[in-house]
Amino acid sequence: TMNAITKFEGGAVSFGEVQQMADRMAQSKLFGNQTAAQIMSLMLIAQANGQHPAAAARDYDVIQGRPSKKAEAMLRDFLLAGGAVQWHEYSDKKCDATFSHPQGGSVRVDWDAARMRQAKIQNDAMYQKYPRNMFRARCISEGVRTVYPVATGGMQAPEEARSVPPVEMGPVVVVPTELLDQARAAGPRG
(Lines give C-alpha, C1' and ligand atoms only; values in the text may rest on other atoms or scores of the structure.)
Protein backbone atom coordinates (compact mmCIF):
# COMPACT_ATOMS: atom_id res chain seq x y z
CA THR A 1 0.00 0.00 0.00
CA MET A 2 1.00 3.63 -0.33
CA ASN A 3 1.57 4.08 3.42
CA ALA A 4 3.90 1.09 3.56
CA ILE A 5 6.00 2.63 0.81
CA THR A 6 6.11 6.18 2.13
CA LYS A 7 6.62 5.53 5.84
CA PHE A 8 9.99 6.55 7.19
CA GLU A 9 11.72 4.22 9.58
CA GLY A 10 12.63 6.82 12.21
CA GLY A 11 9.16 6.90 13.79
CA ALA A 12 7.40 10.06 14.88
CA VAL A 13 9.33 13.29 15.34
CA SER A 14 8.39 15.22 18.48
CA PHE A 15 6.39 18.44 18.28
CA GLY A 16 9.37 20.40 19.58
CA GLU A 17 11.68 18.94 16.94
CA VAL A 18 9.18 19.74 14.18
CA GLN A 19 8.91 23.29 15.53
CA GLN A 20 12.71 23.69 15.47
CA MET A 21 12.91 22.36 11.90
CA ALA A 22 10.13 24.72 10.80
CA ASP A 23 11.87 27.70 12.40
CA ARG A 24 15.15 26.88 10.63
CA MET A 25 13.47 26.35 7.26
CA ALA A 26 11.62 29.66 7.57
CA GLN A 27 14.83 31.47 8.52
CA SER A 28 16.71 29.95 5.59
CA LYS A 29 14.18 31.25 3.00
CA LEU A 30 15.20 28.25 0.86
CA PHE A 31 11.53 27.38 0.40
CA GLY A 32 10.17 30.84 -0.38
CA ASN A 33 8.59 33.22 2.07
CA GLN A 34 6.60 30.68 4.02
CA THR A 35 6.24 31.43 7.70
CA ALA A 36 7.42 29.02 10.38
CA ALA A 37 3.77 28.32 11.23
CA GLN A 38 2.95 27.45 7.59
CA ILE A 39 6.01 25.23 7.28
CA MET A 40 5.19 23.52 10.58
CA SER A 41 1.62 22.84 9.42
CA LEU A 42 2.95 21.24 6.23
CA MET A 43 5.45 19.21 8.27
CA LEU A 44 2.66 17.90 10.49
CA ILE A 45 0.68 16.91 7.36
CA ALA A 46 3.75 15.08 6.04
CA GLN A 47 4.24 13.27 9.35
CA ALA A 48 0.54 12.30 9.45
CA ASN A 49 1.05 10.78 5.99
CA GLY A 50 3.93 8.65 7.26
CA GLN A 51 6.69 10.86 5.89
CA HIS A 52 9.53 12.56 7.69
CA PRO A 53 8.46 16.16 8.40
CA ALA A 54 11.30 17.52 6.25
CA ALA A 55 9.59 15.92 3.24
CA ALA A 56 7.13 18.81 3.47
CA ALA A 57 9.69 21.07 1.78
CA ARG A 58 9.84 18.68 -1.15
CA ASP A 59 6.16 17.79 -1.49
CA TYR A 60 4.01 20.73 -0.34
CA ASP A 61 3.53 24.47 -0.86
CA VAL A 62 1.38 27.16 0.70
CA ILE A 63 -0.47 29.06 -2.02
CA GLN A 64 -2.71 31.99 -1.07
CA GLY A 65 -2.83 30.73 2.51
CA ARG A 66 -3.83 27.17 1.55
CA PRO A 67 -1.78 23.97 1.60
CA SER A 68 -1.19 22.34 -1.77
CA LYS A 69 0.61 19.19 -2.86
CA LYS A 70 3.05 19.44 -5.75
CA ALA A 71 2.06 17.58 -8.92
CA GLU A 72 5.35 15.65 -8.84
CA ALA A 73 4.55 14.42 -5.33
CA MET A 74 1.04 13.40 -6.39
CA LEU A 75 2.41 11.47 -9.35
CA ARG A 76 5.15 9.82 -7.28
CA ASP A 77 2.66 8.65 -4.62
CA PHE A 78 0.27 7.47 -7.34
CA LEU A 79 2.98 5.42 -9.06
CA LEU A 80 4.32 4.02 -5.77
CA ALA A 81 0.78 2.90 -4.91
CA GLY A 82 0.54 0.82 -8.09
CA GLY A 83 -0.81 3.43 -10.49
CA ALA A 84 0.35 3.82 -14.07
CA VAL A 85 0.40 6.70 -16.53
CA GLN A 86 0.74 6.62 -20.30
CA TRP A 87 1.54 9.93 -21.98
CA HIS A 88 -0.08 10.33 -25.40
CA GLU A 89 1.17 13.88 -25.93
CA TYR A 90 3.57 15.99 -23.91
CA SER A 91 4.27 19.31 -25.61
CA ASP A 92 3.89 23.06 -25.23
CA LYS A 93 0.57 22.73 -27.10
CA LYS A 94 -1.05 19.96 -25.07
CA CYS A 95 -0.55 17.33 -22.38
CA ASP A 96 -2.65 14.20 -22.75
CA ALA A 97 -2.34 11.06 -20.60
CA THR A 98 -4.20 7.99 -19.40
CA PHE A 99 -4.05 7.34 -15.66
CA SER A 100 -4.90 3.87 -14.33
CA HIS A 101 -4.93 2.19 -10.95
CA PRO A 102 -6.16 -1.28 -9.94
CA GLN A 103 -8.57 0.23 -7.38
CA GLY A 104 -9.83 3.17 -9.43
CA GLY A 105 -9.97 2.15 -13.07
CA SER A 106 -8.61 4.46 -15.75
CA VAL A 107 -9.26 7.87 -17.22
CA ARG A 108 -7.79 9.87 -20.08
CA VAL A 109 -7.15 13.53 -19.28
CA ASP A 110 -5.88 16.32 -21.50
CA TRP A 111 -5.06 20.00 -20.96
CA ASP A 112 -4.33 22.64 -23.59
CA ALA A 113 -4.71 26.42 -24.05
CA ALA A 114 -8.37 26.17 -25.04
CA ARG A 115 -9.21 24.23 -21.88
CA MET A 116 -7.21 26.70 -19.79
CA ARG A 117 -9.25 29.61 -21.24
CA GLN A 118 -12.51 27.70 -20.73
CA ALA A 119 -11.60 27.15 -17.07
CA LYS A 120 -10.81 30.90 -16.77
CA ILE A 121 -7.39 30.23 -15.28
CA GLN A 122 -6.12 33.38 -13.56
CA ASN A 123 -2.32 32.95 -13.80
CA ASP A 124 -2.09 33.24 -17.58
CA ALA A 125 1.52 34.52 -17.42
CA MET A 126 2.83 31.17 -16.16
CA TYR A 127 0.96 29.33 -18.94
CA GLN A 128 2.65 31.65 -21.45
CA LYS A 129 6.13 31.08 -19.98
CA TYR A 130 5.92 27.35 -19.18
CA PRO A 131 2.89 25.89 -20.99
CA ARG A 132 4.05 22.26 -20.97
CA ASN A 133 4.82 22.31 -17.23
CA MET A 134 1.49 23.92 -16.39
CA PHE A 135 -0.54 21.59 -18.64
CA ARG A 136 1.36 18.60 -17.21
CA ALA A 137 0.59 19.62 -13.62
CA ARG A 138 -3.11 20.08 -14.40
CA CYS A 139 -3.21 16.76 -16.20
CA ILE A 140 -1.54 14.94 -13.29
CA SER A 141 -3.70 16.47 -10.58
CA GLU A 142 -6.95 15.80 -12.45
CA GLY A 143 -5.96 12.28 -13.52
CA VAL A 144 -4.66 11.20 -10.12
CA ARG A 145 -7.60 12.81 -8.28
CA THR A 146 -10.04 10.98 -10.55
CA VAL A 147 -8.48 7.50 -10.41
CA TYR A 148 -6.75 7.34 -7.01
CA PRO A 149 -7.55 10.46 -4.91
CA VAL A 150 -5.60 9.20 -1.88
CA ALA A 151 -2.40 10.26 -3.69
CA THR A 152 -3.49 13.93 -3.74
CA GLY A 153 -3.93 14.07 0.02
CA GLY A 154 -7.18 15.95 -0.64
CA MET A 155 -5.19 18.94 -1.86
CA GLN A 156 -4.90 20.88 -5.07
CA ALA A 157 -1.67 21.19 -6.99
CA PRO A 158 -0.01 24.62 -6.62
CA GLU A 159 -0.91 25.39 -10.25
CA GLU A 160 -4.58 24.90 -9.38
CA ALA A 161 -4.43 26.72 -6.06
CA ARG A 162 -2.94 29.82 -7.70
CA SER A 163 -5.97 30.15 -9.96
CA VAL A 164 -8.50 30.11 -7.10
CA PRO A 165 -9.21 33.49 -5.48
CA PRO A 166 -8.15 33.73 -1.81
CA VAL A 167 -10.89 33.10 0.74
CA GLU A 168 -11.77 36.05 2.93
CA MET A 169 -12.67 34.76 6.36
CA GLY A 170 -14.15 37.96 7.82
CA PRO A 171 -14.00 39.05 11.44
CA VAL A 172 -13.85 36.60 14.31
CA VAL A 173 -16.98 36.50 16.49
CA VAL A 174 -16.45 35.60 20.13
CA VAL A 175 -19.35 33.72 21.72
CA PRO A 176 -19.65 34.14 25.50
CA THR A 177 -19.04 30.95 27.46
CA GLU A 178 -22.51 31.19 29.08
CA LEU A 179 -24.20 30.95 25.67
CA LEU A 180 -22.10 27.92 24.72
CA ASP A 181 -23.00 26.22 28.02
CA GLN A 182 -26.73 26.97 27.45
CA ALA A 183 -26.55 25.54 23.93
CA ARG A 184 -24.81 22.38 25.14
CA ALA A 185 -27.41 21.91 27.89
CA ALA A 186 -30.30 22.45 25.44
CA GLY A 187 -28.88 19.98 22.88
CA PRO A 188 -30.18 16.77 24.48
CA ARG A 189 -33.62 18.35 24.93
CA GLY A 190 -33.83 19.16 21.19
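The buried residues of helix α3 are Ile39, Met40, Leu42, Met43 and Ala46, where buried denotes under 20% relative accessible area, exposed over 50%, and partly exposed the range in between, with a 1.4 Å probe and protein chains only. Viewed down the axis of α3, these buried residues fall within an arc of 165°, so they line one face of the helix; the arc is that of the directions from the helix axis to the C-beta atoms. The face of α3 turned away from this buried side carries the exposed residues Ala37 and Ala48. The model is a predicted one, in which local features require pLDDT of at least 70 and side-chain atom pairs count only at pLDDT 80 or more, while totals for chains, interfaces and linings use all residues. Residues are numbered from 1 along each chain as its sequence is written, and side-chain values use heavy atoms, with hydrogens and water left out.

Helix α3 comprises residues 36-48, 13 residues in number, and reaches 18 Å from its first C-alpha to its last, close to the 18 Å expected at 1.5 Å a residue, the expected span being 1.5 Å times one less than the number of residues. Helices (H or I, at least four residues) and strands (E, at least two) are taken as DSSP runs and numbered from the N terminus. What covers the buried residues of α3 includes α2 (15-28), α4 (55-59), β1 (60-63) and β2 (66-69), contact being defined as heavy atoms within 4.5 Å. Just after α3, glycine 50 takes a positive phi of about 85°.

Strands β1 and β2, which are among the elements covering α3, pair in the antiparallel sense over four bridges; two strands are regarded as paired if DSSP finds at least two bridges between them. Tyrosine 60 has lysine 69 of β2 as its bridge partner. The two strands form a hairpin with two residues between them, and glutamine 64 in the turn has a positive phi of about 50°.

An open sheet of three strands has the order β3-β4-β5, with antiparallel pairing. Its edge strands are β3 (84-90) and β5 (105-112), each of which pairs on one side only. Neighbouring strands of this sheet are turned by 15° against each other on average, direction ignored, with axes fitted as lines to C-alpha atoms, for helices over the stretch in contact, and angles running from 0 to 180 degrees between N-to-C directions. Strand β3 pairs with β4 (residues 94-101) in the antiparallel sense over six bridges, and the bridge partner of glutamate 89 in β4 is aspartate 96.

A search of the whole structure finds three aromatic pairs, rings of Phe, Tyr and Trp (its six-membered ring) being paired if their centres lie within 6.5 Å, with planes under 30 degrees apart counted as stacked, over 60 as edge-to-face and the rest as tilted. The rings of tryptophan 87 and phenylalanine 99 have their centres 6.2 Å apart and their planes at 75°, so this pair is edge-to-face. Because tryptophan 87 lies in strand β3 and phenylalanine 99 in strand β4, the pair ties together parts that are 12 residues apart in sequence. Tryptophan 87 counts as partly exposed at 30% relative accessibility, whereas phenylalanine 99 is buried, with a relative accessible area of 0%. Ring pairs link Phe78, Trp87, Tyr90 and Phe99 into a cluster.

Arginine 108 lies in strand β5 and, at 53% relative accessibility, counts as exposed. Not counting residues up to four places away in sequence, arginine 108 touches His88, Asp96, Ala97 and Thr98.
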